[in-house]
Amino acid sequence: MSSSNVNHVSHPCIHGHVVSSSAERKSRFMKWISKFFKSGSSSRGVSTGAQQPQFSGDENMMWRAPYRSLDDRSRAKKEKEELDRAIALSMSEDLKRPSGYNRWRTDIDDDLARSFRDSFNSAPYPSYAPREYNPRGYRMCNGCKRDIGYGNYLGCMGTFYHPECFRCHACGYPITEHEFSLSGKETYHKSCFKELTHPKCEVCHQFIPTNEVGLIEYRCHPFWSQKYCPSHEHDNTTRCCSCERLESRNTKYVSLGDGRSLCLECMESSIMDTGDCQPLYHAIRDYYEGMNMRIVQQIPMLLVERQALNEAIEGEKHGYHHMPETRGLCLSEEQTVTSILRRPRMERRGLVGIRTQPQKLTRKCEVTAILVLYGLPRLLTGAILAHELMHGWLRLNDYRNLRPEIEEGICQVLSHMWLESEVMPGLRNVPASTASSSSSSRWSHGSTSTPSSSSRSTSKKGGKSSVENKLGEFFMHQIANDASPAYGGGYRAGMAAVNKYGLRPTLDHIRYTGTFPE
């Protein structure tokens, strides 16, 4: 079989009539394929010129080496075409053979030919995802992640944006100003960034101004963390006489009519007249009795206005007062004091309708009376009563001529201990009362002798709220962090002695030495 324009392939001459097994047929087919490639490789090694037929071994197979093509097709493509042509010729010869010969061709031969062809057609290199080609000058918007194209754009920190995509991270609106703020990779309007980071005054609700050197300077309450402009300390801004917080512009404090004002939180548990304060006063006397510090004498207790208390202080010969605002007094002299007889009414302009009554105090023992400012929250009123009752207990038990830091210090210790029993009951174990009855229990209007239960029963609403507990914590903070040598220094020395030795040994040491044990 020959042709003038195509390569000639002589089909194999198979001698014999029966192939013994499929393995032999497989071997013959593989030999035929190998001879095909041997002849192909030989043809590629021959230079241009006359084409000579090639013979291989003892097999009667002839392959004319293909001449080199002059076109630009790739070598792989030409080899593929040659293989396809060889397989086609082989299949055409099979069709010319007798019908019995075809039974020797098994499925194994077809599978081998198919797998060989698939492997030849497979890509010689693994596939890969092509890299995105960005032409020179290409820009992608960092906001919408789309091509900016030839329109206007903004550049910031090596990234680009459409003008409408350059937005504030806080408000989400586009930034159109020439100046903006940058925090990390986030952009902000200058006003939005200031709103987020610049502190505001909690009194006037304006941005706290900078001082003369450009620094933000403000005041901050050590307990409530209320931040405010320094100017509010000198511009007559109202301050609560109980918790010391400044009045905010969007709230209104209650005026007590004597130059003092009360915030609404302190107003919730305030005690306004002497009758309202009696249950609390006798509960604190029971507290003393529970610690084996019974006060036998019936000491009068009065709630008074600020002016009346200041007049009583002037008439008192003895006593140490370091605070600009004295809120309680243990009298030892005979005086006439104006007390609050009936609580005032709450109206829009403040408290009105207050009724007072002058009362002459006669001296029947070392203590004439205990005076406390009216209108203070229950826990603060109780802390003042506990302090002043300790003064009375010391005088009634012949603790004479004590230095201010010793007397005021141990009184502050008792005041702090009572607050602790109210705010954190069970924290400090208080010894039970040894007396089955007492004069104070007859005055307590049904209160028991257990300090914690009797004091809790005096709350105006039957129990302390979280706001009242927070106030109690503040009053304890005030006592513990007082900067004065007598009240603050004395308290810290006295509390250290009580924690180390106990209250009764500390009191005995004070009696004999006039000092705290070390």
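**From the whole chain to its details**

The chain holds 14 helices and 17 strands. Helices (H or I, at least four residues) and strands (E, at least two) are DSSP runs, numbered from the N terminus. This is a predicted model, in which local features need pLDDT of at least 70 and side-chain atom pairs count only at pLDDT 80 or more, while totals for chains, interfaces and linings use all residues. Residues are numbered from 1 along each chain as its sequence is written, and side-chain values use heavy atoms, with hydrogens and water left out.

Of the 518 residues, 40% count as buried. Buried means under 20% relative accessible area, exposed over 50%, and partly exposed in between (1.4 Å probe, protein chains only). Contact means heavy atoms within 4.5 Å. Among contacts in the chain with a separation of 6 or more, 59% join residues 24 or more positions apart.

Start with helix α12, residues 466-480. Its 15 residues should span 21 Å at 1.5 Å a residue, and its end C-alpha atoms are 21 Å apart, which agrees. The expected span is 1.5 Å times one less than the number of residues. Which residues of α12 are buried? They are Glu468, Leu471, Gly472, Phe474, Phe475, Met476 and Ile479. Their cover includes α5 (264-267), α8 (378-396), α9 (404-423) and α13 (485-501).

Two packed helices are described by the angle between their axes and the distance between the axes. Axes are lines fitted to C-alpha atoms, for helices over the stretch in contact, and angles run from 0 to 180 degrees between N-to-C directions. The axes of α8 and α9 come within 8 Å and cross at roughly 140 degrees. That angle makes α8 oblique to α9. Angles under 35 degrees count as roughly parallel, over 145 as roughly antiparallel, 65 to 115 as roughly perpendicular and the rest as oblique. The crossing of α8 and α9 is right-handed. A crossing is right-handed if the near helix is turned clockwise from the far one by less than a right angle, and left-handed if anticlockwise. Residues in the contact include Ala383, His387 and Met390 of α8 and Cys411, Leu414 and Trp418 of α9. By class, the contact of α8 with α9 has 11 nonpolar, five polar and five charged residues. Here Ala, Val, Leu, Ile, Met, Phe, Trp, Tyr, Cys and Pro count as nonpolar, Asp, Glu, Lys and Arg as charged, and the others, Gly among them, as polar.

Now move to α13 and helix α14 (residues 503-513). They pack at about 125 degrees, with their axes 7 Å apart. α13 is therefore oblique to α14. This crossing is right-handed. Ala497, Val498 and Tyr501 of α13 meet Leu503, Pro505 and Thr506 of α14. Five residues of this contact are nonpolar, one is polar and none is charged.

Finally, look at single residues. Cys220 lies in strand β7 (residues 219-220). Cys220 is partly exposed, at 39% relative accessible area. Leaving aside residues up to four places away in sequence, Cys220 touches Ser225, Gln226, Lys227 and Tyr228. Cys220 and Pro230 are 10 residues apart in sequence and 9.3 Å apart in space, C-alpha to C-alpha.

Ser225 sits in the loop between β7 and β8 (227-228). Ser225 has a positive phi of about 55 degrees, although it is not a glycine. Its relative accessibility is 38%, so Ser225 counts as partly exposed. Glu244, in the loop between β8 and β9 (254-255), has a positive phi of about 75 degrees and is not a glycine either. Glu244 is partly exposed, with a relative accessible area of 30%.
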